[in-house]
Amino acid sequence: MLSAGDASVPTFLGDSVDSLEYVVTLGIGTPPVQQTVLIDTGSDLSWVQCAPCNSTQCYPQKDPLFDPSKSSTFAPIPCATDACKALSVDSYDNGCTNGTDGASLCGYAIEYANLAVTTGVYSTETLTLNAGVSVSNFSFGCGSNQHGPYDKFDGLLGLGGAPESLVSQTSSVYGGAFSYCLPPASGGAGFLTLGAPSNNTAGFLFTPMRRLSPELATFYVVTLTGISVGGTALDIPPAVFSKGMIIDSGTVITGLPKTAYAALRTAFQSAMSQYPLLPPSENGLDTCYNFTGNSSVTVPKVALTFSGGTTVDLSVPSGVLVEGCLAFRGESSDSSGGIIGNVNQRTLELLYDSGRGSVGFRAGAC
(Lines give C-alpha, C1' and ligand atoms only; values in the text may rest on other atoms or scores of the structure.)
Protein backbone atom coordinates (compact mmCIF):
# COMPACT_ATOMS: atom_id res chain seq x y z
CA MET A 1 0.00 0.00 0.00
CA LEU A 2 2.85 2.35 0.85
CA SER A 3 6.19 2.77 -0.80
CA ALA A 4 9.22 2.96 1.48
CA GLY A 5 10.76 6.18 2.69
CA ASP A 6 10.41 8.93 5.22
CA ALA A 7 6.72 9.81 5.31
CA SER A 8 7.23 13.46 6.13
CA VAL A 9 6.01 16.66 4.47
CA PRO A 10 6.53 20.34 5.38
CA THR A 11 3.78 22.23 7.19
CA PHE A 12 3.19 25.95 6.65
CA LEU A 13 0.98 28.62 8.12
CA GLY A 14 -1.64 29.55 5.52
CA ASP A 15 -0.77 33.24 5.63
CA SER A 16 -0.12 33.22 1.88
CA VAL A 17 -3.89 32.80 1.51
CA ASP A 18 -4.67 35.04 4.50
CA SER A 19 -5.46 32.19 6.88
CA LEU A 20 -4.33 31.19 10.37
CA GLU A 21 -4.88 27.52 9.55
CA TYR A 22 -1.96 25.20 8.73
CA VAL A 23 -1.45 23.45 5.41
CA VAL A 24 0.59 20.81 3.61
CA THR A 25 1.04 20.31 -0.13
CA LEU A 26 0.45 16.78 -1.40
CA GLY A 27 0.06 15.06 -4.75
CA ILE A 28 -3.21 13.40 -5.73
CA GLY A 29 -3.65 11.13 -8.73
CA THR A 30 -1.39 9.60 -11.38
CA PRO A 31 0.40 11.68 -12.50
CA PRO A 32 0.20 13.56 -9.17
CA VAL A 33 -1.48 16.97 -9.11
CA GLN A 34 -0.30 19.26 -6.32
CA GLN A 35 -3.00 20.23 -3.84
CA THR A 36 -2.60 22.45 -0.77
CA VAL A 37 -4.82 21.14 2.02
CA LEU A 38 -5.63 22.13 5.58
CA ILE A 39 -4.38 19.63 8.19
CA ASP A 40 -7.12 18.70 10.64
CA THR A 41 -6.84 16.38 13.64
CA GLY A 42 -10.50 17.13 14.40
CA SER A 43 -11.96 15.28 11.40
CA ASP A 44 -11.26 12.14 9.41
CA LEU A 45 -12.37 12.09 5.79
CA SER A 46 -9.91 13.87 3.48
CA TRP A 47 -11.17 15.64 0.37
CA VAL A 48 -10.14 17.87 -2.51
CA GLN A 49 -12.20 19.84 -4.98
CA CYS A 50 -12.67 17.93 -8.22
CA ALA A 51 -13.24 19.05 -11.79
CA PRO A 52 -15.65 19.69 -13.38
CA CYS A 53 -16.75 22.24 -10.82
CA ASN A 54 -18.03 25.75 -11.49
CA SER A 55 -17.64 28.86 -9.37
CA THR A 56 -21.04 28.50 -7.73
CA GLN A 57 -20.18 25.02 -6.47
CA CYS A 58 -16.44 25.17 -5.77
CA TYR A 59 -14.10 27.68 -4.18
CA PRO A 60 -11.66 29.52 -6.42
CA GLN A 61 -8.32 27.90 -5.66
CA LYS A 62 -4.74 28.82 -6.56
CA ASP A 63 -3.74 25.32 -7.63
CA PRO A 64 -5.32 23.57 -10.64
CA LEU A 65 -8.48 21.63 -9.78
CA PHE A 66 -7.88 17.90 -9.52
CA ASP A 67 -9.43 16.33 -12.62
CA PRO A 68 -10.11 12.62 -11.98
CA SER A 69 -10.59 11.96 -15.69
CA LYS A 70 -6.87 12.67 -16.20
CA SER A 71 -5.67 10.22 -13.54
CA SER A 72 -4.97 6.56 -14.33
CA THR A 73 -5.51 5.48 -10.71
CA PHE A 74 -8.81 7.20 -9.82
CA ALA A 75 -11.77 4.98 -8.92
CA PRO A 76 -15.14 6.07 -7.51
CA ILE A 77 -16.47 3.75 -4.79
CA PRO A 78 -19.76 2.00 -5.69
CA CYS A 79 -22.72 2.68 -3.44
CA ALA A 80 -23.49 -0.86 -2.22
CA THR A 81 -19.97 -1.61 -0.95
CA ASP A 82 -18.90 -2.12 2.66
CA ALA A 83 -16.58 0.90 2.34
CA CYS A 84 -19.57 3.07 1.48
CA LYS A 85 -21.79 1.64 4.19
CA ALA A 86 -19.04 2.30 6.75
CA LEU A 87 -19.36 6.06 6.20
CA SER A 88 -22.64 6.04 8.10
CA VAL A 89 -20.87 5.02 11.32
CA ASP A 90 -19.08 8.39 11.43
CA SER A 91 -21.99 10.30 9.84
CA TYR A 92 -20.11 11.04 6.59
CA ASP A 93 -22.60 9.21 4.33
CA ASN A 94 -24.77 11.01 1.80
CA GLY A 95 -26.70 8.26 0.05
CA CYS A 96 -26.10 7.26 -3.55
CA THR A 97 -25.34 9.47 -6.50
CA ASN A 98 -25.34 8.69 -10.20
CA GLY A 99 -22.07 8.72 -12.10
CA THR A 100 -21.73 9.98 -15.67
CA ASP A 101 -22.23 6.41 -16.90
CA GLY A 102 -25.32 5.90 -14.74
CA ALA A 103 -23.52 3.79 -12.13
CA SER A 104 -24.67 4.18 -8.51
CA LEU A 105 -21.77 5.75 -6.62
CA CYS A 106 -21.08 6.41 -2.95
CA GLY A 107 -21.93 9.94 -1.86
CA TYR A 108 -20.24 11.63 1.10
CA ALA A 109 -21.10 14.81 2.99
CA ILE A 110 -19.32 16.65 5.83
CA GLU A 111 -20.46 19.68 7.79
CA TYR A 112 -17.80 21.10 10.08
CA ALA A 113 -18.27 22.97 13.35
CA ASN A 114 -17.62 26.27 11.52
CA LEU A 115 -20.48 25.37 9.11
CA ALA A 116 -18.20 24.70 6.13
CA VAL A 117 -19.72 21.97 3.94
CA THR A 118 -18.37 19.59 1.31
CA THR A 119 -20.24 16.94 -0.68
CA GLY A 120 -19.22 14.68 -3.54
CA VAL A 121 -18.26 11.11 -4.43
CA TYR A 122 -16.28 8.88 -2.08
CA SER A 123 -13.37 7.54 -4.14
CA THR A 124 -9.94 5.95 -4.08
CA GLU A 125 -6.76 7.39 -5.50
CA THR A 126 -2.98 7.43 -5.13
CA LEU A 127 -1.85 10.00 -2.59
CA THR A 128 1.77 11.15 -2.90
CA LEU A 129 3.23 12.53 0.33
CA ASN A 130 6.67 13.25 -1.12
CA ALA A 131 8.92 11.95 -3.88
CA GLY A 132 9.57 8.70 -2.00
CA VAL A 133 6.29 7.91 -0.31
CA SER A 134 2.86 7.28 -1.77
CA VAL A 135 -0.35 5.69 -0.51
CA SER A 136 -2.23 3.62 -3.06
CA ASN A 137 -6.01 3.12 -2.89
CA PHE A 138 -6.34 6.03 -0.50
CA SER A 139 -10.03 6.67 0.25
CA PHE A 140 -11.01 10.34 -0.01
CA GLY A 141 -13.81 12.66 -1.04
CA CYS A 142 -13.87 13.98 -4.59
CA GLY A 143 -15.68 17.22 -3.82
CA SER A 144 -18.24 18.64 -6.22
CA ASN A 145 -20.00 21.17 -3.99
CA GLN A 146 -18.28 23.22 -1.28
CA HIS A 147 -19.26 26.32 0.64
CA GLY A 148 -18.33 28.06 3.88
CA PRO A 149 -15.10 29.18 5.58
CA TYR A 150 -12.68 26.68 3.98
CA ASP A 151 -12.57 28.70 0.77
CA LYS A 152 -8.83 29.38 1.04
CA PHE A 153 -7.66 25.81 0.44
CA ASP A 154 -7.85 23.05 -2.18
CA GLY A 155 -9.24 20.63 0.39
CA LEU A 156 -8.56 19.05 3.76
CA LEU A 157 -6.39 16.25 5.13
CA GLY A 158 -8.20 14.35 7.90
CA LEU A 159 -5.90 13.18 10.69
CA GLY A 160 -8.50 12.06 13.25
CA GLY A 161 -8.78 8.61 14.77
CA ALA A 162 -11.72 7.13 12.83
CA PRO A 163 -11.25 4.62 9.97
CA GLU A 164 -11.57 7.21 7.16
CA SER A 165 -8.49 9.23 8.22
CA LEU A 166 -5.03 9.10 6.66
CA VAL A 167 -3.69 7.97 10.04
CA SER A 168 -6.05 4.98 10.21
CA GLN A 169 -5.65 4.07 6.55
CA THR A 170 -1.86 3.82 6.98
CA SER A 171 -1.90 2.26 10.47
CA SER A 172 -0.69 -1.13 9.21
CA VAL A 173 2.59 0.57 8.33
CA TYR A 174 2.85 3.38 10.88
CA GLY A 175 0.91 1.97 13.83
CA GLY A 176 -1.60 4.81 14.01
CA ALA A 177 1.07 7.24 15.21
CA PHE A 178 2.01 10.59 13.73
CA SER A 179 3.53 13.88 14.76
CA TYR A 180 3.73 17.44 13.50
CA CYS A 181 5.23 20.80 14.28
CA LEU A 182 3.37 23.99 13.36
CA PRO A 183 5.80 26.85 12.68
CA PRO A 184 5.38 30.29 14.27
CA ALA A 185 3.63 33.11 12.46
CA SER A 186 6.96 34.67 11.48
CA GLY A 187 7.43 32.08 8.74
CA GLY A 188 9.53 28.99 8.13
CA ALA A 189 8.42 25.42 7.75
CA GLY A 190 7.39 22.74 10.21
CA PHE A 191 6.62 19.11 9.41
CA LEU A 192 3.99 16.40 9.42
CA THR A 193 5.38 12.88 9.84
CA LEU A 194 3.57 9.54 9.86
CA GLY A 195 4.84 7.08 12.49
CA ALA A 196 6.40 7.55 15.90
CA PRO A 197 10.09 8.53 16.08
CA SER A 198 11.99 5.32 15.41
CA ASN A 199 15.13 6.19 17.36
CA ASN A 200 13.80 7.43 20.71
CA THR A 201 11.38 9.85 22.28
CA ALA A 202 13.98 11.94 24.10
CA GLY A 203 12.77 15.46 24.79
CA PHE A 204 9.09 14.50 24.78
CA LEU A 205 6.78 14.96 27.73
CA PHE A 206 3.79 12.59 27.65
CA THR A 207 0.24 12.65 28.94
CA PRO A 208 -2.46 9.97 28.58
CA MET A 209 -4.76 10.15 25.56
CA ARG A 210 -8.46 9.46 26.06
CA ARG A 211 -11.63 9.41 23.95
CA LEU A 212 -14.79 11.42 24.49
CA SER A 213 -16.68 8.14 24.17
CA PRO A 214 -16.15 4.72 22.54
CA GLU A 215 -18.31 5.80 19.59
CA LEU A 216 -16.34 9.00 18.95
CA ALA A 217 -13.01 7.74 17.60
CA THR A 218 -12.24 10.98 15.76
CA PHE A 219 -11.06 13.16 18.60
CA TYR A 220 -7.78 13.04 20.51
CA VAL A 221 -8.56 14.12 24.08
CA VAL A 222 -6.21 15.01 26.93
CA THR A 223 -6.95 16.10 30.49
CA LEU A 224 -5.83 19.58 31.46
CA THR A 225 -5.23 19.87 35.22
CA GLY A 226 -3.89 23.40 35.58
CA ILE A 227 -2.72 26.65 33.97
CA SER A 228 0.00 29.03 35.10
CA VAL A 229 0.83 32.60 34.08
CA GLY A 230 4.30 33.98 34.71
CA GLY A 231 5.16 30.89 36.76
CA THR A 232 2.21 31.26 39.13
CA ALA A 233 -0.44 28.54 39.10
CA LEU A 234 -4.01 29.81 38.73
CA ASP A 235 -6.61 28.87 41.31
CA ILE A 236 -8.91 26.69 39.18
CA PRO A 237 -10.88 23.79 40.70
CA PRO A 238 -9.71 20.53 39.03
CA ALA A 239 -13.33 19.54 38.35
CA VAL A 240 -13.54 22.36 35.80
CA PHE A 241 -11.30 20.30 33.48
CA SER A 242 -13.00 16.93 33.96
CA LYS A 243 -14.61 16.83 30.50
CA GLY A 244 -11.22 16.88 28.79
CA MET A 245 -9.70 18.98 26.01
CA ILE A 246 -9.74 18.00 22.33
CA ILE A 247 -6.43 18.76 20.58
CA ASP A 248 -7.42 20.16 17.20
CA SER A 249 -4.97 21.39 14.56
CA GLY A 250 -7.95 22.63 12.53
CA THR A 251 -9.13 25.07 15.22
CA VAL A 252 -7.17 28.31 15.62
CA ILE A 253 -8.17 29.63 19.05
CA THR A 254 -8.20 27.55 22.25
CA GLY A 255 -11.57 27.32 23.99
CA LEU A 256 -11.36 26.87 27.77
CA PRO A 257 -14.11 26.05 30.25
CA LYS A 258 -15.69 29.30 31.41
CA THR A 259 -14.18 29.32 34.92
CA ALA A 260 -10.68 28.49 33.66
CA TYR A 261 -10.76 31.22 31.04
CA ALA A 262 -11.92 33.85 33.53
CA ALA A 263 -8.95 33.05 35.78
CA LEU A 264 -6.51 33.08 32.86
CA ARG A 265 -7.82 36.39 31.50
CA THR A 266 -7.58 38.11 34.89
CA ALA A 267 -4.00 36.95 35.49
CA PHE A 268 -2.87 37.70 31.94
CA GLN A 269 -4.38 41.19 31.90
CA SER A 270 -2.74 41.92 35.23
CA ALA A 271 0.67 40.84 33.89
CA MET A 272 0.16 42.95 30.73
CA SER A 273 -1.22 46.04 32.49
CA GLN A 274 1.48 48.32 31.02
CA TYR A 275 -0.05 47.90 27.53
CA PRO A 276 -3.39 49.51 26.58
CA LEU A 277 -6.29 47.12 26.05
CA LEU A 278 -8.24 47.34 22.80
CA PRO A 279 -11.92 46.57 22.26
CA PRO A 280 -12.70 42.90 21.47
CA SER A 281 -11.50 41.77 18.04
CA GLU A 282 -13.73 40.93 15.08
CA ASN A 283 -13.45 37.23 15.91
CA GLY A 284 -14.56 37.78 19.50
CA LEU A 285 -11.23 37.73 21.34
CA ASP A 286 -11.56 39.99 24.36
CA THR A 287 -7.94 40.47 25.53
CA CYS A 288 -6.28 42.44 22.74
CA TYR A 289 -3.51 45.02 23.03
CA ASN A 290 -2.21 48.12 21.31
CA PHE A 291 1.54 47.65 21.00
CA THR A 292 2.06 50.75 18.83
CA GLY A 293 5.28 52.52 19.75
CA ASN A 294 6.74 49.56 21.66
CA SER A 295 10.01 48.38 20.17
CA SER A 296 9.78 45.25 22.31
CA VAL A 297 6.87 43.62 24.11
CA THR A 298 7.19 41.47 27.23
CA VAL A 299 4.63 38.67 27.26
CA PRO A 300 4.31 36.47 30.36
CA LYS A 301 4.97 32.76 30.07
CA VAL A 302 1.79 30.66 29.92
CA ALA A 303 2.05 26.96 30.78
CA LEU A 304 -0.50 24.15 30.55
CA THR A 305 -0.29 21.20 32.96
CA PHE A 306 -1.81 17.87 31.92
CA SER A 307 -2.64 14.65 33.75
CA GLY A 308 0.47 12.86 34.89
CA GLY A 309 2.05 16.18 35.87
CA THR A 310 3.28 17.05 32.37
CA THR A 311 3.74 20.83 32.11
CA VAL A 312 4.12 22.39 28.66
CA ASP A 313 5.35 25.95 28.24
CA LEU A 314 3.69 27.64 25.28
CA SER A 315 5.97 29.42 22.83
CA VAL A 316 6.25 33.13 23.67
CA PRO A 317 4.86 35.17 22.05
CA SER A 318 3.76 33.11 19.00
CA GLY A 319 1.95 30.43 21.03
CA VAL A 320 0.22 32.89 23.36
CA LEU A 321 -0.77 35.89 21.24
CA VAL A 322 -2.41 35.95 17.82
CA GLU A 323 -2.67 39.29 16.00
CA GLY A 324 -2.11 41.09 19.31
CA CYS A 325 -4.80 39.13 21.21
CA LEU A 326 -4.63 36.40 23.83
CA ALA A 327 -5.24 33.22 21.81
CA PHE A 328 -7.88 31.83 24.18
CA ARG A 329 -11.60 32.26 24.58
CA GLY A 330 -14.10 31.09 27.16
CA GLU A 331 -16.74 28.47 26.48
CA SER A 332 -20.30 29.25 27.58
CA SER A 333 -20.02 26.99 30.64
CA ASP A 334 -17.77 24.47 32.38
CA SER A 335 -19.83 21.49 31.24
CA SER A 336 -18.66 21.18 27.66
CA GLY A 337 -14.92 20.66 28.00
CA GLY A 338 -12.70 22.57 25.59
CA ILE A 339 -10.42 22.57 22.54
CA ILE A 340 -6.68 23.25 22.30
CA GLY A 341 -6.24 25.24 19.10
CA ASN A 342 -3.28 25.47 16.76
CA VAL A 343 -1.87 28.80 18.02
CA ASN A 344 -1.01 27.20 21.38
CA GLN A 345 0.63 24.29 19.52
CA ARG A 346 3.10 26.45 17.58
CA THR A 347 6.79 25.35 17.62
CA LEU A 348 5.96 22.22 19.66
CA GLU A 349 6.21 18.76 18.17
CA LEU A 350 2.98 16.98 19.06
CA LEU A 351 3.21 13.19 18.89
CA TYR A 352 -0.13 11.37 18.75
CA ASP A 353 0.46 7.71 19.58
CA SER A 354 -2.86 5.87 19.69
CA GLY A 355 -1.10 2.51 20.08
CA ARG A 356 0.48 3.62 23.35
CA GLY A 357 -2.50 5.79 24.30
CA SER A 358 -0.47 8.94 24.78
CA VAL A 359 0.20 12.42 23.42
CA GLY A 360 3.75 13.77 23.57
CA PHE A 361 5.02 17.35 23.51
CA ARG A 362 8.57 18.38 22.50
CA ALA A 363 9.58 22.01 22.79
CA GLY A 364 11.27 24.09 20.09
CA ALA A 365 10.83 21.54 17.29
CA CYS A 366 10.37 24.01 14.41
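Which residue stands opposite Ala177 in S28? The residue opposite Ala177 in S28 is Asp353, and the pair belongs to the antiparallel contact between strand S12 (residues 177–181) and strand S28 (residues 349–353), which is made over five bridges. Strands here, like helices, are DSSP runs numbered from the N terminus (E, at least two residues, for strands; H or I, at least four residues, for helices), and two strands pair if DSSP finds at least two bridges between them.

The model is a predicted one, in which local features need pLDDT of at least 70 and side-chain atom pairs count only at pLDDT 80 or more, while totals for chains, interfaces and linings use all residues. Residues are numbered from 1 along each chain as its sequence is written, and side-chain values use heavy atoms, with hydrogens and water left out.

The chain holds five helices and 29 strands. Its radius of gyration, taken over C-alpha atoms, is 21 Å, which agrees with the value near 21 Å that a compact globule of 366 residues would have; the globule rule is 2.2 Å times the number of residues to the power 0.38. Along the principal axes, the C-alpha atoms fill a box of roughly 65 × 40 × 40 Å. Of the 366 residues, 52% are buried, where buried means under 20% relative accessible area, exposed over 50%, and partly exposed in between (1.4 Å probe, protein chains only). Of the contacts (heavy atoms within 4.5 Å) between residues at least 6 apart in sequence, 66% join residues at least 24 apart.

The pairing of S12 with S28 lies within an open sheet of six strands, ordered S1-S13-S12-S28-S29-S14 with antiparallel pairing. Strand S1 (8–9) and strand S14 (204–208) stand at the edges of this sheet, and each has a single partner strand, so one side of each is left without a neighbour in the sheet. In the segment after strand S29 (358–362) comes Gly364, which counts as exposed at 61% relative accessibility; its C-alpha atom is separated by 30 Å from that of Lys258, 106 residues apart along the chain.

Another open sheet has four strands in the order S17-S16-S22-S23, again with antiparallel pairing. Its edges are strand S17 (232–233) and strand S23 (310–313), each with a single partner strand, so one side of each is left without a neighbour in the sheet. Strand S16 (residues 224–229) is joined to strand S22 (residues 302–306) by five bridges, and Leu304 in S22 is the bridge partner of Ile227.

Strand S8 (residues 104–111) has six of its eight residues buried, so it is largely enclosed by the rest of the structure. With strand S7 (residues 93–98) it pairs in the antiparallel sense over four bridges, and Cys106 in S8 stands opposite Cys96. The hairpin of S7 and S8 has five residues between the strands, and Gly102 in the turn has a positive phi of about 85°. S8 is also joined by five bridges to strand S9 (residues 117–130), which runs antiparallel to it, with Gly120 in S9 as the bridge partner of Tyr108. In the hairpin of S8 and S9, Leu115 takes a positive phi near 75°.

Leu156, in strand S11 (residues 155–158), is buried, with a relative accessible area of 2%. Not counting residues up to four places away in sequence, Leu156 touches several residues, among them Val37, Leu45, Trp47 and Tyr112. The C-alpha atoms of Leu156 and Leu45 are separated by 8.2 Å, although the two residues are 111 residues apart along the chain.
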